[in-house]
Amino acid sequence: NWGDSIDIAKEKNALYTDNMRSGNYTGSQKPLEWLLKNTPDLNPSIYQNGSKIYESLAESATSDEEREKLQNRAMDMYDLRMKYFGDSAGVMNRKVNAAYGFYKNDRSKYKELFEMFQKAVELNGSKLYDANLLWYMAVTHKYKKTSDDLSDEDVFDVYTRIMDIIDEKQKSGKKVDERIV
């Protein structure tokens, strides 16, 4: 769906993708943002590429404030992709993967991360990425250690759910990452 300004949309699409392919993520931002505003249901790739662009920009940010802004925008890309194109399970699997990398050392984000992982497990079950199983337990541990919100029973429930997912994967013949078995 190119929207009302087809020629401009096609030009902006070419600009942002050309810049992205050449590693010029900063140059990708303005045309991408134009597409997100004016053609939000153009194609899932604007959100797939958008998350890549903003994650890369966040890695090279020079200030904490700028990094946080870019990380938040990367998270927005996942949410908008789900809003316009569905596939909540698959996109959430990718979102928590990125979110863990962003927030694993940020105590203020542990509750949010924990809730994201719970949602990802709810949506994906045994299709949750193996790495996300590891990180779900790590987030649970960090959240428990820094907050009184989780009981020992809650932690055991998470552990049990993770082990159930591993069992489901193995029973279906899927090879499971050796780090989590």
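Buried residues make up 41% of the 181 residues in the protein, which is a predicted model.

Me: How many helices and strands does the secondary structure come to?
Reply: Along the sequence the pattern reads α-α-α-α-α-α-α-α. The C-alpha atoms fill a box of roughly 55 × 40 × 25 Å along the principal axes. The count for the secondary structure is eight helices and zero strands.

Me: Among contacts between residues at least 6 apart in sequence, what percentage join residues at least 24 apart?
Reply: The contacts counted are those between residues at least 6 apart in sequence. Of these, the share that joins residues at least 24 apart is 57%.

Me: At what angle do helix 2 and helix 3 pack?
Reply: Two packed helices are described by the angle between their axes and the distance between the axes. For helix 2 (residues 25-38) and helix 3 (residues 45-59), the axes are 10 Å apart. Helix 2 passes helix 3 in a left-handed crossing. The packing angle is about 140°.

Me: How do the residues of the contact of helix 2 with helix 3 divide into nonpolar, polar and charged?
Reply: From helix 2 the contact takes in Tyr-25, Thr-26, Ser-28, Gln-29, Leu-32, Glu-33, Leu-35 and Leu-36. They meet Ile-46, Tyr-47, Gly-50, Lys-52, Ile-53, Tyr-54, Ser-56 and Leu-57 in helix 3. The residues of this contact divide into nine nonpolar, five polar and two charged.

Me: Is Thr-39 buried or exposed?
Reply: Thr-39 is placed in the loop between helix 2 and helix 3. Leaving aside neighbours within four places in sequence, Thr-39 is in contact with Asn-1, Trp-2, Gly-3, Ala-9, Trp-34 and Ile-46. Its relative accessibility is 1%, and under 20% is the cut-off, so Thr-39 counts as buried.

Me: How far apart are the end C-alpha atoms of helix 4?
Reply: Helix 4 (residues 64-85) has 22 residues. At 1.5 Å a residue, helix 4 should span 32 Å. The distance in the model agrees with that: the end C-alpha atoms are 31 Å apart.

Me: Within what arc do the buried residues of helix 4 fall?
Reply: In helix 4, the residues Leu-70, Gln-71, Ala-74, Met-75, Met-77, Tyr-78, Arg-81 and Met-82 are buried. Seen down the axis of helix 4, they line one face of the helix, because they fall within an arc of 135°.

Me: Which helices do the buried residues of helix 4 pack against?
Reply: On the other side of helix 4, Glu-65, Lys-69 and Lys-83 are exposed. The buried residues of helix 4 pack against helix 2, helix 3 and helix 5 (88-103).

Me: Is Asp-87 buried or partly exposed?
Reply: Asp-87 lies in the loop between helix 4 and helix 5. Phi of Asp-87 is near 50°, a positive value in a residue other than glycine. The relative accessibility of Asp-87 is 48%, so the residue counts as partly exposed.

Me: What is the relative accessible area of Lys-169?
Reply: Lys-169 is found in helix 8 (residues 152-171). Not counting residues up to four places away in sequence, Lys-169 touches Ser-126, Leu-128, Tyr-129, Asp-130, Leu-133, Lys-174 and Val-176. Lys-169 is buried, with a relative accessible area of 6%.

How values were computed
Residues are numbered from 1 along each chain as its sequence is written. This is a predicted model: local features need pLDDT of at least 70, side-chain atom pairs count only at pLDDT 80 or more; totals for chains, interfaces and linings use all residues. Side-chain values use heavy atoms; hydrogens and water are left out. Axes are lines fitted to C-alpha atoms, for helices over the stretch in contact, and angles run from 0 to 180 degrees between N-to-C directions. Helices (H or I, at least four residues) and strands (E, at least two) are DSSP runs, numbered from the N terminus. A crossing is left-handed if the near helix is turned anticlockwise from the far one by less than a right angle, and right-handed if clockwise. Contact means heavy atoms within 4.5 Å. Ala, Val, Leu, Ile, Met, Phe, Trp, Tyr, Cys and Pro count as nonpolar, Asp, Glu, Lys and Arg as charged, and the others, Gly among them, as polar. Buried means under 20% relative accessible area, exposed over 50%, partly exposed in between (1.4 Å probe, protein chains only). The expected span of a helix is 1.5 Å times one less than its number of residues. The arc is that of the directions from the helix axis to the C-beta atoms.
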